[in-house]
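Let's take a friendly walk through this structure together.

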Amino acid sequence: MAALDGASGNPPKTTFYNDPVIRGYIYQLLVAVLVIGFFTWIVINAAQNLAAQNKSTGFDFLGRTSGFSISFTLIPFDRTSYYWQAFVVGLLNTLLVAAIGIFFATILGFTIGIARLSSNWLVSRLATLYVEIIRNIPLLLQLFFWYFAVLKAMPAVRDSLALPFGSFLNQRGFFVPRPVWDERIVWMWLALAIVVVFCFVLRRWARRRLFETGRRFPVFLTALGGSILIALAVFLLSGATVSFDFPELQRFNFRGGLELPPEFVALAFGLSIYTAAFIAETVRGGIKAVSRGQTEAAESLGLKEGDRLRLVVLPQAMRVIVPPLTSQYLNLTKNSSLGAAIGYPELVNVFAGTTLNQTGKAIEVIGMTMLVYLTFSLLTSAFMNWYNGRVALVER
Amino acid sequence: MKKTLVTMAVVASMGLGATAVQAQTLDAVKAKGFVQCGVTAGVPGMSQPDANNNWSGLEVDYCRAIAAAIFNDAQAVRFTPLTSQERFAALSAGEIDVLSRTTTWTMSRDTDLGISFTGVMYYDGQGFLVRKSDGIASALDLDGAAICIESGTTTELNAADYFASHNLDFNPVVFVDKPEVLKAYEDGRCDVLTSDASQLASDRTKFADPSEHVLLPEIISKEPLGPSVRSGDPQWFNIGRWVYYALLEAEELGVTQANVDEQLGSDNPSVRRLLGVEGEFGAPIGLTNDWAYRIVKLVGNYGETFDRNMGEGSPIGVPRGLNALWNQGGLQYSPPIR
């Protein structure tokens, strides 16, 4: 480098506005001023227009009584609750459906994606059919279809389908008994937590033994059986009691128990089915990206087919899968806003819908709603980037 | 999602569409050659398009009356179907000139939303529609019922008020769009459909068998439905308000679409002032002196449009009730034009 510098000598003198570095600064400054100016103009303009229309602004409305009710809430809410509580209700409902949607879409998506590469003709064709049908129909239409199909298929309240354990299924939802336990149940949770920690230790031991002696240990089955047995034993020993709050048919519907409304079922189902089709393609692409030689090498080591996929192919495929998978998770979360159309009380329905209309605070409400989706998206993306960093190829 | 996008676009355009508010709406309307009117996506009797996208209804006729007064052409109106969620933002942002969409006049909307109501086209109240087979006689029997509601309406608040004040419980199922509300009720998701009584009467005509559904006797709220305009433009507000009054005044004076031409020769000073034969009532609101004549000639008076769209002669078939003129036992009353 030094030799190069010496060879080029002093650069010829130029006027300062011809200096590429200074020029770069000037252009950047110009763009920054323009952008800031543009947004300032928008804000001032909006403020003037609102004032001209005699319209109040600000976030005071969040502390006012809402005056409406919401059918499906994770926290208590009624007409005397405040607008900020409506915001929280919408937020939690959005999170709930997104989390459950992501969980099922991931499982289904990986299954279908792998199925598409199956050597079984029927399995791979069915998977192809699924992907092509689902991802080529707009989600909103699918949601309408699932929602009204779900409603149509369900029995009316008075002809509710009675299921085992005092559960019921009808047009108003799926009702199951709600467990009510006393405080001695704490011992059971505590025992379960200890068992879970122990399972991780067990896994490490099993893996070390596998590498040293080549003998396998059924970690998963042991952990599952062990935790159930120990939890049950502690539950009986502690003398904790569990009773159930059973749903009972009232004049119009079942009361008590836990309720899963059809709007939630249709939305979670529709989102999972839809996103799974895209995840399946991502997974297929990821697996295809792993060189065939890897599979052959695994075969020559004598690994079984399941192990080849799990231990050799998938870990390498994940490096390709994770970034687009993140996008699918973000899409699913944002698409949950379509729930408003089928009556699921998520953020857009409760806050950007009802609250906006009752208060008229369009800018504030839409701003907050956009901020929520932005935050969700950034958090998901941060988590997935962290995970991506973990599975990425370690270069030494 | 569509709704959100529209709302976001509207919010954005609130910033960008700067000149819409300050400019005189009348000049802008004259310049573009038509009135942009916000209506429902389809409530028979109020505003409803036919197969050829010709709109009709009581609220549509109000927009036509404005167009008649300004352009002497009742067809110089373009309609924007809006959901109850979109309507106020659309008006604020200048996407529409008049909002004539089954909107209840409330204090907070009138004072804090940047809009002004010009009159009450229809005195309504919130009712409940139930299936006949459920054997419900009164709203007080509805404890625990699932109720289908359109979001962003006063209906949503009234229902909560009513059930709370009677110590009853209910389960609101809230949709953004009316068609989904109706479908969910018809499919059995809800026991009850609630809305303004006039809309329930009109919604019922859409069901497979209208006679299977009955209105409960309780009317739980006052719902004065009226058109509104943006605040901050007194001239446009006056046009909106006096077009409505002219419709009423014409009915009260017995001026109809059929006899309006011969009424030009009337000896009644009130008729002469209304039709612009005497006095100067056009210039103060920026219109020609025969503005009210044009309205009656092209649209008819209030009673005529009511009968045509909502009244006993129409498929909706609601009685005049509160919407009769003041001197016939109703509430519709116009200040004198003089």
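Start at Phe77(A): leaving aside its neighbours within four places in sequence, this residue is in contact with Ser66(A), Phe68(A), Ser69(A), Ile70(A), Tyr82(A), Gln85(A), Ala86(A) and Val89(A), where contact means heavy atoms within 4.5 Å. Before going further, note that this is a predicted model, in which local features need pLDDT of at least 70 and side-chain atom pairs count only at pLDDT 80 or more, while totals for chains, interfaces and linings use all residues. Residues are numbered from 1 along each chain as its sequence is written, chains are lettered from A and ligands numbered from 1 in the order in which they are written, and side-chain values use heavy atoms, with hydrogens and water left out.

Where does Phe77(A) sit? Look in the loop between H2 and helix H3 (83-116) of chain A; helices here are DSSP runs of H or I with at least four residues, numbered from the N terminus. Phe77(A) counts as buried because its relative accessibility is 11%, and buried means under 20% relative accessible area, with a 1.4 Å probe and protein chains only.

Now move to chain B and find helix H7 (residues 154-165). Its twelve residues reach 16 Å from the first C-alpha to the last, close to the 16 Å expected at 1.5 Å a residue; the expected span is 1.5 Å times one less than the number of residues. Among the buried residues of H7(B) are Thr154(B), Ala159(B), Tyr162(B) and Phe163(B). After H7(B) comes Asn167(B), with a positive phi near 60°.

Finally, turn to the place where the chains meet. Chain A brings 54 residues to the contact and chain B brings 58 residues. Together they bury about 4500 Å², and carbon and sulfur atoms give 52% of that area; buried area is the accessible area (1.4 Å probe) that two parts lose on being put together, summed over both. Gln53(A), Phe252(A) and Asn357(A) supply 16% of the area that chain A buries against chain B, more than any other three residues.

How many salt bridges cross this interface? The rule finds five, each a side-chain nitrogen of Lys or Arg within 4 Å of a carboxyl oxygen of Asp or Glu. In one salt bridge, Lys152(A) pairs with Asp187(B), and the closest N and O atoms are 2.7 Å apart.

Terms used
Helices (H or I, at least four residues) and strands (E, at least two) are DSSP runs, numbered from the N terminus. Buried means under 20% relative accessible area, exposed over 50%, partly exposed in between (1.4 Å probe, protein chains only).
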